[in-house]
Amino acid sequence: MHRLSTALALVLALPATAEEFNFAVTTDPQTMDPHAVNSTPVLGFLNNVYEGLVRRGKDMSIEPSLAVSWEPIGEGEGWRFKLREGVTFQDGAAFNADDVVFSYERAASEQADTSSWFAPVSEVIKVDDYTVDIMTTAPNPIFPDSIANWMMMDSGWAEANGAARPDKDQGNYATLNANGTGPFQVVSRQPDLETVLEPHAGWWGEVEHNLTRVTMTPIQNPATALAALLSGDVDFINPVPIQDVARLEGNPEVRVIQGIEARVIMLGFDQQEGSAESGQGGADMFLDPRAREAVAKAINVPAILQTIMRGNAEVASQMVSPAMRGFSEANAAPYVYDAEAARSLAEEAGLAGQTIAFKCPNDRYLNDEAVCQAVTSMLAQAGMDVSLDAMPVSNYWPELRADNFDMYLLGWSPGTFDAEHPIRFLAATQDDEAKLGSWNFGGYSNARVDELLPMIQSEIDDTARQAMLDETAKILQDEVAYVPLYVQPLVWGARSGVELTQRPDDFFILRWVTVN
Amino acid sequence: MLSFIVKRVGQSVLVLLITGLVAFSMFTFVGDPIDNMLGQERTIEDVERLREQLGLDKPFVVQYYRFLEQAVQGNFGVSYRQGRPVAEILLERAPATLELAAVSGIFAILMGIALGVFTAIRRNGFAANLIMSASLIGVSLPTFLIGILLIYLFSVELGWLPSFGRGDTVDLGGWTTGFLTASGLKALILPSITLGLYQMTLIMRLVRSEMLEVLRQDYIRFAKARGLSDRVINFRHALKNTMVPVITVIGLQLGSIIAFAIITETVFQWPGVGLLFINAIQFVDIPVMAAYLMLISVMFVAINLLVDILYAFIDPRLRVAA
């Protein structure tokens with residue numbers, strides 16, 4: 001009855017209810033398997049098909065999805081989730097606690113790419129058909145936040161089709177087929193060409209969209225995607241090239257939706273002693289914090305944003321954007337541009353006469369190479385000699401892993417939407433055993449930060465936790481561990497008449513789309 | 001004769017093997033696929049494990065040997081990006097490229113010959129001069145620019161034709177064709193023109209110069225003296241004799257239409273093997289790159305082998321020399 005009235009309301013509100021919707025993406029999701037690849041194209045798309053225990057709302061807050069409620073167990077031994085009853089998968093099977101346990105085993109397996117989410121988990125226990133206990137090794141206040149993209153798969157379906165574990169290498173049934181509980185189901189999938197979705201009639205939620213059929217086409221060439229939007233062949237593209245934004249704004253048939261992503265673009269430095277033997281770079285020049293400060297002060301970030309980003313981005317002060325949980329208000333002031341101070345700092349630190357090997361990707365972040373060129377010339381104005389080397393991202397990461405740099409550009413989007421995330425991956429001392437600092441290419445290390453990290457991870461009291469996050473942010477800022485530059489913009493384009501919601505994680509959520 | 005063929009085949013196989021070796025040595029420079037296959041929360045351990053699993057920790061010569069070992073058994077491996085067998089993907093994509101190549105080839109031949117004849121007959125006419133000057137633009141503008149210009153004119157401004165893709169296709173037992181639907185045919189127009197334009201100008205200029213040459217011959221003059229109509233002279237007598245070198249060139253250009261479809265396919269998001277290859281490069285999808293390059297080199301080597309053998313049949317001197 002409830003659903004009927006909702007449907008009725010929709011019919012009354014929107015005269016044209018039956019809508020086919022076409023959209024273009026740059027990167028086709030590599031797989032339909034929600035546990036095989038942990039990347040934005042895959043998880044963003046599959047969020048329309050699969051669902052987790054919790055999900056993120058329009059404002060990124062955590063809200064109930066397949067779990068109706070959750071509470072900590074005891075003194076933080078774990079979390080108890082009450083599951084929603086009457087939920088069915090798209091093939092008609094019922095959802096219950098067995099599927100949660102199965103999805104845990106699958107997503108935490110060695111073959112999965114999502115296993116790091118479950119590093120704090122010791123056990124998942126089925127209490128009854130609609131209650132699940134997830135036990136953690138230490139108190140974990142942000143655990144529900146960290147599993148918003150952990151999607152539930154039907155155990156019977158996966159086992160019947162030989163897909164009980166993900167297979168990144170050879171692929172399996174779940175690579176090409178999907179069976180979630182979400183609002184849309186995949187009706188046809190041609191990798192790289194076209195993926196067609198239709199609404200899942202048995203979905204438990206209230207339908208807000210008015211789409212009857214959705215077609216996703218990957219278009220890699222930005223000019224082609226733009227032409228497709230302008231000609232009406234597609235209704236939505238992501239991203240719109242920044243240089244075309246102004247032109248689109250004058251066109252009444254399309255509209256540009258701008259916001260900022262969760263991704264902070266920053267500069268990193270080689271701070272390891274004696275890596276000079278690696279050939280280029282590594283003359284230990286950035287061991288001195290004054291050298292890093294010189295770089296921080298030499299860069300006029302607002303000018304970069306004005307020219308290269310055409311005013312579409314925000315200056316960053318720390319490794320996370322203000323929209324993230326745990327952002328440090330106390331350290332919200334970015335480094336101040338001061339070319340003179342930078343020049344004298346560079347001299348003091350002995351940067352003069354040395355060539356800084358600056359590595360940069362040219363196809364990873366928006367206008368990344370142009371930003372690196374601007375940084376290079378700004379550093380030159382402050383008396384620093386920089387040799388810029390920009391390359392495709394496939395060559396970039398191996399170069400960083402091989403320590404072939406003095407300075408590099410990195411963008412970081414915290415998967416948990418929490419300030420703890422970049423500390424764990426970028427600021428903690430590299431430790432393969434403990435899975436810490438796996439992206440800390442420059443080898444930054446601070447004993448106090450390493451000490452604070454596990455305390456932050458297990459602190460249940462929000463005030464105490466924020467105090468520790470503030471302390472960490474201050475240390476990182478004072479020592480100039482990284483130079484945060486800006487928060488990357490999001491620029492989407494849609495036909496006018498398409499209503500949608502843009503979230504800073506760059507996920508395009510179809511159940512919020514209406515077409516008039 | 002047999003020994004000649006055996007020798008030529010042997011040389012072709014050698015060429016293929018060397019091409020493969022060069023290709024595999026280049027893959028090291030394209031980058032590392034591992035980071036594209038794993039998310040940002042991967043550990044260094046995961047990276048190492050996957051690298052070993054895929055055999056990427058081995059030198060390229062070993063990787064090449066393994067590829068050959070599998071390839072001779074008909075197994076081209078599994079795409080890193082799609083997690084599906086490469087052979088399956090290539091077969092799925094081939095019809096798109098072959099249909100595009102066929103249509104643009106026919107377009108280039110028909111238009112090239114017609115315009116070539118026209119410009120030869122009306123050597124000093126205004127229209128002929130206009131066509132000749134315009135053809136210079138066709139040769140000198142890069143393909144991707146022509147493609148984008150056509151899209152903006154016919155899709156964005158006029159809204160007549162689709163801006164990307166193949167339109168609706170019909171599956172004929174594993175071969176998807178765009179010839180049987182209206183949207184499929186419409187979708188073929190712009191990419192075919194883009195791809196065929198260069199070949200068209202080439203054929204046009206060749207036909208024109210050959211035709212001018214032929215029109216100066218004595219037998220054309222005698223034909224005129226016999227009082228034959230212009231139409232009969234131009235098309236029955238002159239054009240026939242023009243076609244011999246033209247056909248040779250057309251044969252040679254066919255291979256390059258398929259191989260150079262890459263750019264056109266990228267601009268129009270045409271789901272053929274060229275686009276597949278471009279995407280494979282970006283992702284460092286080594287099995288797809290290897291299979292594609294081998295396929296293209298097999299095609300070129302086979303065409304050349306056939307031509308060599310045909311020449312040998314036609315010209316006995318080559319047989320002796322061999």
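In this predicted model, the contact between the two chains draws 39 residues from chain B and 35 residues from chain A. On the side of chain B that touches chain A, the elements giving two or more residues are α2 (34-37), α3 (44-53), α7 and α11 (261-267) of chain B. Of these, α7(B) gives the most, with five residues. Sorted by class, that side of chain B holds 17 nonpolar, 15 polar and seven charged residues.

The helix α7(B) also has a partner within its own chain. The axes of helix α7 (residues 143-157) of chain B and helix α8 (residues 182-215) of chain B come within 9 Å and cross at roughly 150 degrees. Since an angle over 145 degrees counts as roughly antiparallel, α7(B) and α8(B) are therefore placed roughly antiparallel to each other. The crossing in which α7(B) passes α8(B) is right-handed. From α7(B), the residues that take part are B:T143, B:I146, B:G147, B:L150, B:I151 and B:F154, and they meet B:L190, B:I193, B:T194 and B:L197 in α8(B). By class, this contact of α7(B) with α8(B) has seven nonpolar and three polar residues, with no charged residues.

Just after α9(B), B:G227 takes a positive phi of about 85 degrees.

Turning to chain A, the reader will find 16 helices and 19 strands. Its C-alpha atoms fill a box of roughly 75 × 60 × 45 Å, taken along the principal axes. Buried residues make up 50% of the 516 residues in chain A. Among the contacts in chain A with a separation of 6 or more, 70% are accounted for by residues 24 or more positions apart.

Several places in the backbone of chain A deserve a separate look. A cis peptide bond, with omega about -5 degrees, joins A:N238 and A:P239, and A:P239 lies in the loop between β11 (236-238) and α8 (245-249) of chain A.

Two residues of chain A other than glycine, A:R310 and A:V480, take positive phi values. For A:R310, phi is near 50 degrees, and the residue is found in the loop between α10 (301-307) and β13 (314-315) of chain A. Because A:R310 has 15 C-beta neighbours inside 10 Å, this residue counts as partly exposed. For A:V480, phi is likewise near 50 degrees, and its place is in the loop between α16 (462-478) and β17 (483-495) of chain A. With 23 other C-beta atoms within 10 Å, however, A:V480 is buried.

Conventions:
Residues numbered from 1 in each chain as written. Chains lettered and ligands numbered in written order. Predicted model: local features only at pLDDT ≥ 70, side-chain atom pairs only at ≥ 80, totals over all residues. Axes fitted to C-alpha atoms, helices over the stretch in contact; angles between N-to-C directions. Helix = DSSP H or I, 4+ residues; strand = E, 2+ residues; numbered from the N terminus. Parallel < 35°, antiparallel > 145°, perpendicular 65-115°, else oblique. Left-handed = near helix turned anticlockwise from the far one by under 90°. Contact = placed C-beta atoms within 7 Å. Nonpolar A, V, L, I, M, F, W, Y, C, P; charged D, E, K, R; others polar. Buried ≥ 20, exposed ≤ 12 C-beta atoms within 10 Å, placed from the backbone.
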